[in-house]
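Here is a short report on charged side-chain pairs in a predicted model. Which pairs form salt bridges, and where do they sit?

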Amino acid sequence: MELFDQTSGCLTDEGLQALADGQLDELSRLEAAEHLAFCDACLDRYTALLAGPVIVQPPQDLQKPVWQRIRSQMFRVLTNRYATAAAAVAIAFCLWGSGLFQGLVPTPDAQLTPALQLQQTEQTQQTLEHRLAFNEAARSASRSLSSLFDSVSDGISKAVTSPRLTNNPKE
């Protein structure tokens with residue numbers, strides 16, 4: 001086996017293959033390495049030999065479907081956060097309207113005269129009736145608001161994850 005071509009002085013194809021396979025002795029390897037250090041043509045041939053075949057490309061581009069899944073998941077997370085916040089606000093308004101928080105502050109009843117106590121009792125009775133009516137309206141509004149949020153988030157989730165958007169063969 002000839003390591004160098006006699007006419008050009010460059011490494012032969014068999015010599016390059018033997019170098020790549022590790023079949024050369026120590027002296028031949030040193031000679032080939034010294035030649036590769038100054039001969040760009042042989043170095044290019046040697047690196048092309050080591051590079052091997054072309055890297056296989058995937059059959060389809062995966063970037064677009066991955067980004068679509070990331071966007072749909074981010075959208076679901078954000079809508080769930082806002083739906084939770086809206087439900088918390090609705091519950092807070094229901095509790096506030098029911099007078100739960102007003103019962104936490106004591107009123108000084110001992111200093112009132114009997115006439116004022118009777119007037120306050122009548123006002124309290126009217127206030128309780130108004131609060132009961134308001135509580136029922138707030139519960140009804142809360143239920144309808146909750147069902148509205150559920151239907152909107154379900155519709156949006158279905159629209160985002162529909163096969164029509166995620167698997168578009170034309171693109």
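## Salt bridges in the predicted model

Helix H5 (residues 114-160) holds both Arg139 and Glu136, which are three residues apart, about one turn of the helix. The two form a salt bridge, with the closest N and O atoms 3.2 Å apart. Arg139 is partly exposed, at a relative accessible area of 42%. Glu136 is partly exposed too, at 43% relative accessibility. A network of salt bridges links Glu136, Arg139 and Arg143.

Helix H2 (residues 26-38) carries another pair: Arg29 and Glu26 are three residues apart there, so about one helical turn separates them. Their salt bridge has its closest N and O atoms 2.7 Å apart. Arg29 is partly exposed, with a relative accessible area of 39%. Glu26 counts as partly exposed at 48% relative accessibility.

Asp13 forms a salt bridge with Arg45. This pair links distant parts of the chain: Asp13 lies in helix H1 (residues 13-21) and Arg45 in helix H3 (residues 40-51), 32 residues apart. Asp13 is exposed because its relative accessible area of 60% is over the 50% cut-off. Arg45 is partly exposed, at 31%.

| Pair | Closest N and O atoms |
|---|---|
| Asp13 and Arg45 | 2.8 Å |
| Arg29 and Glu26 | 2.7 Å |
| Arg139 and Glu136 | 3.2 Å |

How many salt bridges does the model have in total? The count comes to four.

Note on methods: Residues are numbered from 1 along each chain as its sequence is written. This is a predicted model: local features need pLDDT of at least 70, side-chain atom pairs count only at pLDDT 80 or more; totals for chains, interfaces and linings use all residues. Side-chain values use heavy atoms; hydrogens and water are left out. A salt bridge is a side-chain nitrogen of Lys or Arg within 4 Å of a carboxyl oxygen of Asp or Glu. Helices (H or I, at least four residues) and strands (E, at least two) are DSSP runs, numbered from the N terminus. Buried means under 20% relative accessible area, exposed over 50%, partly exposed in between (1.4 Å probe, protein chains only).
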